[in-house]
Amino acid sequence: MTTYRRIVLAARPEGAVKPEHFRLEERPIPAVPDGHLLVRNRFMSLDPYMRGAMNDRKSYRQPQAIGETMVGGTVGEVIESRHPKFKVGDVVVGGFGWQEIGLSDGGGGLRRVDASRVPMQAFLGVAGMPGVTAWVGLNRIIAPKAGETVVVSAASGAVGSVVGQLAKAHGCRVVGVAGGAAKCATVVDEFGFDACVDYKAGRLEADLAAATPDGIDGYFENVGGAVLDAVLARMNAFGRIAVCGLIAGYNDEPIPVHQFRSVLTNRLKIQGFIVSEVPDAWPPALAELAAKVADGSLKYKETVARGIASAPAAFIGLLRGENLGKQLVSLD
Ligand SMILES: NC(=O)c1ccc[n+]([C@@H]2O[C@H](COP(=O)([O-])OP(=O)(O)OC[C@H]3O[C@@H](n4cnc5c(N)ncnc54)[C@H](OP(=O)(O)O)[C@@H]3O)[C@@H](O)[C@H]2O)c1
């Protein structure tokens, strides 16, 4: 193998993302200088935040540069090492982006993982960034107490499915919101939520009221829009809302909020957060999540696209809700 493939941002989208916003390129595999290592990426992570990175506007992160490799998390194996701390065969999680190969000096957050008890791709999902995101928003912001009702949107997804299972372990009544009957069935039957509301069924307010007879104490927000309004209207006094994501607006749609008065009348605490800005949470969260995956008490689902050329379509599908659980691209 002398060349590898990567996907670069070809143009910035206005509104919905389309295949022409990406370009597949073939490049020579670089030589490995002293103090560096070469990684063969086995899985790429596709995440909603990548949509925001494709825009050129003020946000919590730098915009993705045109003509550069799409940003993103990866897991793979070291295939050549001239670095004292890594050897050939090590499994490493890195941020090499949408490409088959990664060259590293060992910095930039690259870390070796133990893939003997947890499949390597789980370190991009349930036992990786999305899992830690769930852990931070739930434990640090919602801080649920046994007997409380916790609601999470995008409940069948990488983050939402973990939020619900962790909240269940705290002794809460846990209600998911997801798109479609099949996703809702998975949320209840496989992830063990007490109920799940299908927001696409056209009865959002009534179904949420039926699923939350004692109101809502904690809300883990992943989507915004109509779901946020329906939840705000059912919040209990001194409820907490962790604002993790607003995917309903990622294609630049404005997200009006009609029930904001609930913040005052119910004395709500609302806090947004970015998981990379909570470094002290990562070690305890990763340890707890990996242990629960290994002992089978934390369930997860994956949707896996095959081959790097499939990444743009898989990413567009993620933004349309076509994934169930963590969206990955396998590079084998
Ligand atoms: N703050 C942080 O540090 C941080 C870190 C990681 C992730 N996040 C956020 O967490 C959220 C979940 O991320 P994830 O990686 O777990 O993705 P995911 O839930 O696995 O996939 C995204 C899901 O969002 C739902 N969705 C898409 N468009 C929607 C729309 N217009 N209205 C309502 N729901 C829509 C879809 O589920 P349905 O079919 O059920 O609608 C889709 O499957 C995202 O908002 C993401 O940006 C934040």
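This report walks through the ligand site, the cysteines and a handful of individual residues.

## Ground rules

We're looking at a predicted model, in which local features need pLDDT of at least 70, side-chain atom pairs count only at pLDDT 80 or more, and totals for chains, interfaces and linings use all residues. Residue numbers start from 1 along each chain as its sequence is written, and side-chain values use heavy atoms, with hydrogens and water left out.

## Around the ligand

The ligand has 27 residues around it, and the closest are Lys183, Tyr199, Tyr250, Val275 and Asn323.

Oxygen atoms of the ligand pair up with several protein atoms. For Tyr199, a polar side-chain atom lies 2.5 Å from a ligand oxygen. Tyr250 also uses its side chain, with an N or O atom 2.7 Å from an oxygen atom of the ligand. Asn222, by contrast, brings a backbone N or O atom, 2.9 Å from a ligand oxygen. For reference, a polar contact is a pair of N or O atoms within 3.5 Å; within protein, one must be able to donate a hydrogen and the other to accept it, and residues adjacent in sequence count only if both atoms are side-chain atoms.

On its own, the ligand has 900 Å² of accessible area, and the protein covers 91% of that (Shrake-Rupley method, 1.4 Å probe; for residues, only the protein chains shown count as cover). Helix H2 (129–142), helix H3 (158–169) and helix H9 (311–319) are the elements that give two or more residues to the shell. Helices (H or I, at least four residues) and strands (E, at least two) are DSSP runs numbered from the N terminus.

Where does the ligand lie relative to domain 1 and domain 2? The ligand lies between them, because domain 1 (3–125 + 300–330) and domain 2 (130–276) both give residues to its shell. Those bounds come from an automatic or database domain assignment.

Cys172 is in none, and the nearest cysteine sulfur, that of Cys196, is 17 Å away.

Cys172 is buried at 3% relative accessibility, and Cys196 is buried too, at 18%. The cut-offs are under 20% relative accessible area for buried, over 50% for exposed and in between for partly exposed (1.4 Å probe, protein chains only).

## Positive phi angles

Ala143 isn't a glycine, yet it has a positive phi of about 45 degrees. Ala143 sits in the loop between H2 and strand S8 (149–153) and is partly exposed at 38% relative accessibility.

Phe238 is another non-glycine with a positive phi, this one about 65 degrees. Phe238 belongs to strand S12 (residues 235–243) and is exposed, with a relative accessible area of 54%.

## Sequence versus space

Ser297 lies in the loop between helix H8 (282–294) and strand S14 (302–306), partly exposed at 43% relative accessibility. Ser297 and Ala169 are 128 residues apart along the chain, but their C-alpha atoms are separated by 9.8 Å.

Ile216, in strand S11 (residues 216–221), is buried at 0% relative accessibility. Val71 is in the loop between helix H1 (49–53) and strand S4 (74–81) and is partly exposed at 24%. Val71 and Asp34 are 37 residues apart in sequence and 25 Å apart, C-alpha to C-alpha.

Terms used:
A disulfide is a pair of cysteine sulfur atoms within 2.5 Å. A residue is near a molecule or strand if one of its heavy atoms lies within 4 Å of it.
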